[in-house]
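User: I'd like to learn how to read a structure like this one. Could you walk me through its features step by step?

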Amino acid sequence: MKLKTLVISVASVALLASTAVTANKPVGITKGVMSIAGISRDQNNKATINPAFAKTSRPCPPFCIQPTNPFAPAAVDTVSELDVLYALRDISRGDKSKMVIDARTPIWTTAEKGGTIKGSVNISYKKLNARAVAKDPDAVMEILTKKFGVTEQDGIFNFSRAKTLYLFCNGLWCGQSPAAIRALLSLGYPEHKLKYYRSGMNAWHSLGLSTVHNLK
């Protein structure tokens, strides 16, 4: 075999081997951590973002970029994917003091729209926003007392045992979870018990984190 041919053959084998190794490199959540609360990342190194989140230019308004801290001066923490994952880990271990809420309309939890985060609870912002508070306060009160751990007596809320809520929607351009958080703040929900996952499902999908979906 000629030297040139041999060199090309060796280079081709090396390239194929390199490609195979790259395609099989593990995708962890953090170093040494492959899953949290049953959630992991897509192990296909060539995976791309879900098509439902590929659009970049939704009209503003209403799809305007959300501030990092849209609730100022209220001290509501803006949290990351890891904060949400650790909250879900705690919930999966029996912690009843926390809750992760998908504040989007139910259609977004379907497979066609990319599903939702495992362990989260879908409570649409339409049930918690300012309009809902004004139109049907009893329904809002029921959510607070039945789901969020708030107690009520003679129309006065007691938040001492209220859950810490992690709310999210579709991402940086989505105003659904912020609308729900503003309504909760207006009702006296403690600032430190409200967490805003600003990046939402857009970032969740871009990181290849697994989802579940409702069959609709």
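User: In S9, which residue is the bridge partner of Leu167?

Analyst: Happy to start there: Leu167 has Tyr196 as its bridge partner in S9. A word on the ground rules: this is a predicted model, where local features need pLDDT of at least 70 and side-chain atom pairs count only at pLDDT 80 or more, while totals for chains, interfaces and linings use all residues. Residues are numbered from 1 along each chain as its sequence is written, and side-chain values use heavy atoms, with hydrogens and water left out.

User: How many bridges join S8 and S9, and in which sense do they pair?

Analyst: Two strands pair if DSSP finds at least two bridges between them. S8 and S9 have four bridges and pair in the parallel sense. Strand S3 (residues 77-78) also runs parallel to S9, joined to it by two bridges; Asp77, for instance, has Lys195 as its bridge partner there. Strands (E, at least two residues) and helices (H or I, at least four) are DSSP runs, numbered from the N terminus, and the protein has nine strands and six helices.

User: Which residues of S9 are buried on each side?

Analyst: In a regular strand, side chains alternate between the two faces of the sheet. Here both faces of S9 are covered, with Leu194 and Tyr196 buried on one side and Lys195 and Tyr197 buried on the other. Buried means under 20% relative accessible area, exposed over 50% and partly exposed in between (1.4 Å probe, protein chains only). Of the protein's 216 residues, 36% count as buried.

User: What do the buried residues of H5 pack against?

Analyst: An α-helix has 3.6 residues a turn, so residues three or four places apart point the same way. In helix H5 (residues 176-186), the buried residues are Gln176, Ser177, Pro178, Ala180, Ile181, Ala183 and Leu184. They pack against helices H3 (130-135) and H4 (137-146), as well as strands S8 (164-168) and S9 (194-197). After H5 comes Gly188, which has a positive phi near 100 degrees.

User: Why does Ala132 count as buried?

Analyst: Ala132 counts as buried because its relative accessibility is 12%. This residue lies in helix H3. Leaving aside residues up to four places away in sequence, Ala132 touches Lys126, Lys127, Pro137 and Val140, where contact means heavy atoms within 4.5 Å. The C-alpha atoms of Ala132 and Ala180 are separated by 9.7 Å, though the two residues are 48 apart along the chain.

User: How many aromatic pairs are there?

Analyst: A pair of aromatic rings is described by the distance of the centres and the angle of the planes. Rings of Phe, Tyr and Trp (its six-membered ring) pair if their centres lie within 6.5 Å; planes under 30 degrees apart count as stacked, over 60 as edge-to-face and the rest as tilted. By this rule the count is eight. One of them is Tyr197 with Trp204, an edge-to-face pair at 6.4 Å centre to centre and 70 degrees between the planes; Tyr197 and Trp204 are both buried. Phe148, Phe157, Phe159 and Tyr189 form one aromatic cluster.
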